[in-house]
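Below are my comments on the model you sent. They are set out as numbered points, to be read with the coordinates open.

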Amino acid sequence: SNPLHREVHQDMEQPLCHYFIASSHNTYLSGDQLLSQSRADMYARVLQAGCRCVEVDCWDGPDGEPVVHHGYTLTSKILFRDVAETINKYAFIKNEFPVILSIENHCSIQQQKKIAQYLKEIFGDKLDLSSVSTGDPTQLPSPQDLKGKILVKV
């Protein structure tokens with residue numbers, strides 16, 4: 001057998017859309033999607049397991065603080081700020097490739113502004129604020145170009 005076939009070669013220079021990305025749905029839930037606890041530490045768990053796209057369902061919370069939970073269910077609510085801080089802490093421990101925040105936005109403009117403020121404050125330079133034209137996916141940056149970056153998809 002060819003010894004070259006035993007080596008793993010990962011070309012991470014192609015546009016992002018050329019890759020399968022390990023994604024998590026309802027990342028914040030510790031159990032079922034109707035009654036379970038929402039927990040920020042679930043983000044730490046999936047990020048360290050290799051997940052690179054996490055879901056954050058954002059809703060208006062009390063005192064102007066956006067919360068994360070599964071809407072219209074009895075799941076508990078956690079602060080968006082706590083979720084962002086957990087993601088920031090664990091995003092690149094096991095892996096430098098970009099993390100995509102898939103934000104499901106149900107917030108008022110006021111609380112959306114609070115989310116934007118937290119994203120900038122908590123992620124700082126890690127937050128990728130470059131805009132991409134959706135017209136031509138071959139022009140997307142590569143995972144290599146985006147190492148250490150947090151991307152936001154809404």
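This is a predicted model: local features need pLDDT of at least 70, side-chain atom pairs count only at pLDDT 80 or more; totals for chains, interfaces and linings use all residues.

The points below go from the overall fold to one helix pair and then to the salt bridges.

1. The protein chain has 3 helices and 5 strands, and their order from the N terminus is α-β-β-β-α-β-α-β. The C-alpha trace spans about 60 × 35 × 25 Å along its principal axes.

2. Burial and contacts. The protein chain has 154 residues, of which 41% count as buried. Among contacts in the protein chain with a separation of 6 or more, 70% are between residues 24 or more positions apart.

3. Helix α1 and its surroundings. Helix α1 covers residues 41-48. Its buried residues are Met42, Tyr43, Ala44, Val46 and Leu47. The elements covering these buried residues include β1, β2, α2 and β4. After α1 comes glycine 50, which has a positive phi near 105°.

4. Geometry of α1 against α2. Helix α2 takes in residues 80-90, and α1 packs on α2 at an angle of about 25° with the axes 8 Å apart. Angles under 35 degrees count as roughly parallel, and the two helices are therefore described as roughly parallel to each other. The crossing of α1 past α2 is right-handed.

5. Residues at the α1 and α2 contact. On the α1 side the contact is made by Asp41, Tyr43, Ala44, Leu47 and Gln48, and on the α2 side by Val83, Thr86, Ile87 and Tyr90. Sorted by class, the contact has 6 nonpolar, 2 polar and 1 charged residues.

6. Salt bridges, and the pair of arginine 81 with glutamate 65. The structure holds 4 salt bridges. In one of them, arginine 81 pairs with glutamate 65, with the closest N and O atoms 3.4 Å apart. Arginine 81 belongs to helix α2 and glutamate 65 to the loop between β1 (53-59) and β2 (67-68), so the partners, 16 residues apart, link distant parts of the chain. Is glutamate 65 buried or exposed? Its relative accessible area is 14%, which makes glutamate 65 buried, while arginine 81, at 27% relative accessibility, counts as partly exposed.

7. A further partner for glutamate 65. Lysine 114 also forms a salt bridge with glutamate 65, and here the closest N and O atoms are 3.3 Å apart. Lysine 114 sits in helix α3 (residues 109-123), 49 residues from glutamate 65, and this pair too links distant parts of the chain. Lysine 114 counts as partly exposed, at 23% relative accessibility.

8. The pair of glutamate 96 with lysine 147. The side chains of these two residues meet in a salt bridge, at 3.7 Å from N to O. Glutamate 96 is in the loop between α2 and β4 (99-105), and lysine 147 is in the loop between α3 and β5 (150-153), so the pair ties together parts that are 51 residues apart in sequence. Lysine 147 has 32% relative accessibility and counts as partly exposed.

9. Glutamate 65 pairs with arginine 81 and with lysine 114.

Note on methods
Residues are numbered from 1 along each chain as its sequence is written. Side-chain values use heavy atoms; hydrogens and water are left out. Axes are lines fitted to C-alpha atoms, for helices over the stretch in contact, and angles run from 0 to 180 degrees between N-to-C directions. Helices (H or I, at least four residues) and strands (E, at least two) are DSSP runs, numbered from the N terminus. Angles under 35 degrees count as roughly parallel, over 145 as roughly antiparallel, 65 to 115 as roughly perpendicular and the rest as oblique. A crossing is left-handed if the near helix is turned anticlockwise from the far one by less than a right angle, and right-handed if clockwise. Contact means heavy atoms within 4.5 Å. Ala, Val, Leu, Ile, Met, Phe, Trp, Tyr, Cys and Pro count as nonpolar, Asp, Glu, Lys and Arg as charged, and the others, Gly among them, as polar. Buried means under 20% relative accessible area, exposed over 50%, partly exposed in between (1.4 Å probe, protein chains only).
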